[in-house]
Amino acid sequence: MAPVRQPDAGASSAFVQLTETRRFAYAQGRFKFFASGLFSFSARFVKPMSRQDLIDELKEIVGDRYVLSAKEDVIVYEQDASILQAMPEIVALPADVQQVSAVVKAARRSGVPIVPRGSGTGLAGGAVPAEGGIVLSLARLDRILKIDLANRVAVVEPGVINLDITKAVAAQGFFYAPDPSSQAACSIGGNVANNSGGPHTLAYGVTTNHVLGVEVVLSDGEIVWLGAMVPDAPGYDLCGAFVGSEGTLGIVTKVAVRLMAQREAVSTLLAVFDDMDGATRTVVDITAAGIIPAALELMDQLSIEAVERGAPVGYPRDAAAVLLVEIEGVTEHTQRAMNLASALCARNGAREVKKAKDDHERELLWKGRKGAFGALGTITPNYYVQDGVVPRSQLPRIMRTVADIGKRYGLRIANVFHAGDGNLHPNILFDLRHPGELERVIEAGAAILRACVDAGGSITGEHGIGLEKKAYIGLLFNDQDLEAMARLRQSFDPERRLNPAKIFPSPAGCGELRVGPARMPAGLWI
Amino acid sequence: MTQPNEEISALPPGAGSARLDLPELYQCVHCGLCLDQCPTYRVLRLEPESPRGRIHLVKAVAEGRIEPNQRFAEHLDLCLMCRACETACPSGVHYGRIAEAARALLGPPRWPGRALALLCFRHLLPYPTRLRWMASVLRLYQRSGAQRLASRLVPRRIREMESLLPAVPARFFSPSSEIFPALGERRTRVAMLSGCVMSTLFGAVNEATLSVLRLNGCEVVIPRRQTCCAALNLHNGETMMAKRMARKNIDAFLAAGVESVIVNAAGCGAAMKEYAHLLRDDPEYAAKAERFSSLVKDASEFLWELGLALAPRRVELRVTYQDPCHLAHAQRIRSQPRALLRAIPGLEIVEMAASDRCCGSAGIYNLTHPDMSQELLREKMQAIAATGADVVVAPNPGCMLQLDYGARRYGPKIKVLHLMDLLGQSYGAAGPA
């Protein structure tokens with residue numbers, strides 16, 4: 001057995017002790033869990049409904065094919081794109097809002113948690129069913145319901161892939177602005193839950209700036225609209241509160257998104273640096289010069305190496321860092337800003353500044369950037385990505401700190417991030433099969449986040465808190481803040497059955513949570 | 001402390017996990033970028049039917065967390081092996097190798113048609129003579145009127161399966177000699193794979209390929225001792241037989257002393273380029289397989305690299321191009337066939353939507369999983385219809401059979417041709433075969 005690490009105030013506050021058998025009381029104690037053995041998850045439904053009855057009821061609602069309960073099916077839903085795992089007992093895939101509502105009602109009657117899931121591309125464990133129960137996949141709600149170009153609004157279902165919205169309106173000269181790097185796979189529902197950003201957040205803002213309204217199923221199964229089709233709806237901005245709530249306030253079933261008109265000209269350059277400092281100073285200089293690029297993205301040597309090994313796009317492998325600068329607007333402005341940006345790159349020691357000649361070259365530059373996370377698989381079996389934010393002016397300093405932390409813990413860290421926003425993505429590379437490495441990774445991650453907060457920043461820019469960062473939320477909010485948030489949550493979901501054990505740093509959590517592919521040391525979990 | 005390594009090595013007896021201990025498994029970081037590119041996931045929206053899901057399942061079996069049981073097998077079986085996920089994967093995970101290893105582990109027959117398929121893989125495909133004999137019987141059946149009679153008697157399901165077959169042509173591809181000299185100046189010496197399906201059902205394509213190669217200055221060797229490429233065996237977990245066939249082909253082709261081995265079937269080319277991987281642990285053949293695989297070239301890849309010695313003549317047609325999965329995804333060949341089409345004056349080339357999405361043929365998949373296959377085919381035929389093309393070009397026999405069937409069943413009434421057919425036509429080719 002593992003020596004059980006005691007939680008303390010420092011780095012290992014990420015670890016919370018878990019007792020062998022823990023009883024959980026949801027909805028008047030109707031629901032009991034047993035951790036039967038260490039690594040097999042089992043839950044038992046007590047009154048008023050047996051597990052099989054619930055499965056049968058769900059099958060009646062969504063059809064046999066779309067209720068999964070065999071281990072060889074549900075195991076696939078134990079993980080998102082993070083490294084955390086917990087097995088659901090049942091996965092249900094409703095086809096429309098009525099079915100979603102019916103599933104939520106059935107789950108409520110049997111007191112089972114519900115964890116909504118889109119494409120499972122989240123990086124913070126938000127879709128991992130930490131307390132078992134039902135994973136409600138919205139993948140089948142994948143229709144674009146309405147495109148209203150005159151009012152620049154599209155109404156889509158949550159399972160629609162982010163990029164498909166842009167594809168549907170591109171020919172008419174429009175696009176949907178938030179563009180997470182996973183945009184070819186991630187769903188709009190997941191974007192709403194995490195208030196996702198992307199490289200172009202710098203110019204256009206995050207998801208909440210592009211969602212006008214949402215139709216949601218509340219925890220009692222009621223279907224309501226929050227927000228409106230027009231901007232500036234009166235009353236409390238409940239839609240605003242909902243975006244970024246990580247599935248804890250309700251389940252989104254329709255989203256009204258803003259469409260934007262494509263810019264007249266787009267220009268992209270790649271600047272190559274022999275040291276990280278020059279690259280980060282350039283970022284500070286570009287924004288200080290009054291240029292607002294559409295995107296300002298940085299990748300370090302390890303990330304470049306990963307991309308070039310996986311699906312090469314021609315980044316220089318010997319560079320210490322490359323900076324992607326994209327400028328959009330009317331042609332004259334774009335050219336002027338581009339010239340200025342190139343000059344600033346050169347002044348900070350860029351050894352090469354290469355402008356994309358055509359759309360094909362531009363797409364290639366972006367393809368490398370957007371595939372960088374996935375490409376890390378070519379240089380490491382596992383990675384743990386942080387999502388800290390710092391004020392832009394602190395970038396040179398924080399990047400030196402990150403490098404120091406890597407050295408101190410003896411870990412490789414690959415950086416690929418939204419430099420223009422000061423939104424870091426240090427990916428700590430490791431191998432779970434090496435004993436003891438995970439602990440060091442978690443400590444290094446915590447050290448990075450603390451450095452971000454100390455620099456006047458935040459612990460997450462866009463990935464959400466999920467499971468993975470809930471232990472750190474205390475670095476950012478005090479008890480009163482958290483209490484206020486908990487009260488908001490309480491008013492939407494009094495039984496705390498919607499995506500439980502997320503966001504808030506409660507010790508509540510059970511079932512088995514593992515870090516795949518090998519298990520967490522016994523008795524510990526993140 | 002529970003050692004993670006012990007966890008992983010603690011495997012259930014008989015799970016055969018050693019064989020699943022693939023480094024590729026740990027190259028997948030679960031990012032999900034493959035999901036929307038997977039045809040089966042697009043249709044069903046179920047993650048166990050996605051590449052990431054299947055890799056997760058194989059990993060779970062390798063770690064002994066689940067049994068390689070029937071349910072597991074169904075998820076692996078529903079995969080088309082189109083490898084569109086490999087194109088989408090930023091980590092360069094060789095999904096195909098993972099799936100093949102899992103299928104090899106699963107081994108014995110499961111679905112009802114599988115016993116028949118195995119019979120086919122083990123006793124028919126490896127033996128060209130037997131295959132031709134079978135095809136002759138089929139031809140007799142089609143032409144004697146027995147087919148018409150049978151169509152009234154047999155159940156609908158079997159009739160549908162049968163309708164996938166095209167009419168067996170009057171002549172098989174039977175080259176009159178083993179070596180064909182180049183027509184015009186000799187530029188290189190190549191060998192050509194006849195292929196099992198190609199030489200029986202698409203003899204004309206092989207003849208066209210042979211002429212096009214010769215007209216472009218290639219001396220062509222067609223080794224007599226060659227056999228089927230073993231792609232179907234590999235995809236269906238028949239590794240032992242596949243290795244045997246691969247060794248036979250390596251011997252036959254290396255003996256020919258050629259600079260390239262030309263393949264006009266995308267699936268066969270992809271499989272033969274993987275011989276090096278297949279035989280990597282074979283002490284006698286590993287090096288030979290490496291050399292052999294480096295010689296293998298798809299016909300379009302080869303011709304585009306070599307450069308056309310003879311300018312194609314005018315062909316007035318509106319064509320659309322279907323990327324065979326094992327050309328676009330497995331061999332990453334997309335631009336060369338299109339460039340060759342563009343080299344033919346008079347051709348109007350109209351791209352269809354999602355030309356690199358699987359048509360649902362996938363080897364014998366259209367027989368084993370008719371529902372999914374039909375769903376994909378319907379969608380494909382709609383995309384083809386939208387182009388208004390007269391001809392769809394698909395340089396792979398499986399795609400050609402499937403699209404031909406699709407045209408008959410769903411429309412549009414469109415002609416299906418191999419790229420070599422079109423080039424041959426353009427040359428007005430009538431080289432002696």
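What share of the contacts in chain A with a separation of 6 or more comes from residues 24 or more positions apart? Such residues account for 71% of those contacts, a contact being heavy atoms within 4.5 Å.

## Basis

This is a predicted model, in which local features need pLDDT of at least 70 and side-chain atom pairs count only at pLDDT 80 or more, while totals for chains, interfaces and linings use all residues. Residues are numbered from 1 along each chain as its sequence is written, chains are lettered from A and ligands numbered from 1 in the order in which they are written, and side-chain values use heavy atoms, with hydrogens and water left out.

## Chain A

Chain A has 15 helices and 22 strands; these are DSSP runs numbered from the N terminus, helices being H or I with at least four residues and strands E with at least two. Of its 526 residues, 62% count as buried, where buried means under 20% relative accessible area, exposed over 50%, and partly exposed in between (1.4 Å probe, protein chains only). The chain exposes about 18800 Å², and carbon and sulfur atoms supply 51% of that area; accessible areas come from the Shrake-Rupley method with a 1.4 Å probe, and for residues only the protein chains shown count as cover.

## A nonpolar patch

Trp225(A), Met229(A) and Val230(A) form a nonpolar surface patch with about 280 Å² of accessible area together. Patches are made of residues with over 30% relative accessible area and no salt bridge; like charges are joined within 9 Å, and nonpolar side chains (Val, Leu, Ile, Met, Phe, Trp, Tyr) within 5 Å. Val230(A) lies in the loop between β12 (223–227) and α7 (238–242) of chain A, and is exposed because its relative accessible area is 53%.

## Chain B elements

In helix α17 (residues 286–295) of chain B, the buried residues are Ala286(B), Ala289(B), Phe292(B), Ser293(B) and Leu295(B). They pack against α14 (239–254), β4 (260–263), α15 (266–273), α16 (275–278) and β5 (296–298) of chain B.

Strand β6 (317–321) of chain B pairs in the parallel sense with β7 (347–349) over 3 bridges, with Leu317(B) bridged to Leu347(B). β6(B) also runs parallel to β8 (391–393), joined by 3 bridges, and there Val319(B) has Val391(B) as its partner. Pairing requires that DSSP finds at least two bridges between two strands.

## Interface

In the model, 58 residues of chain A are in contact with 39 residues of chain B. The two chains bury about 4000 Å² between them, 56% of it on carbon and sulfur atoms; buried area is the accessible area (1.4 Å probe) that two parts lose on being put together, summed over both.

The count of salt bridges between chain A and chain B is 4, each a side-chain nitrogen of Lys or Arg within 4 Å of a carboxyl oxygen of Asp or Glu. Arg117(A) forms a salt bridge with Glu47(B), with the closest N and O atoms 2.8 Å apart.
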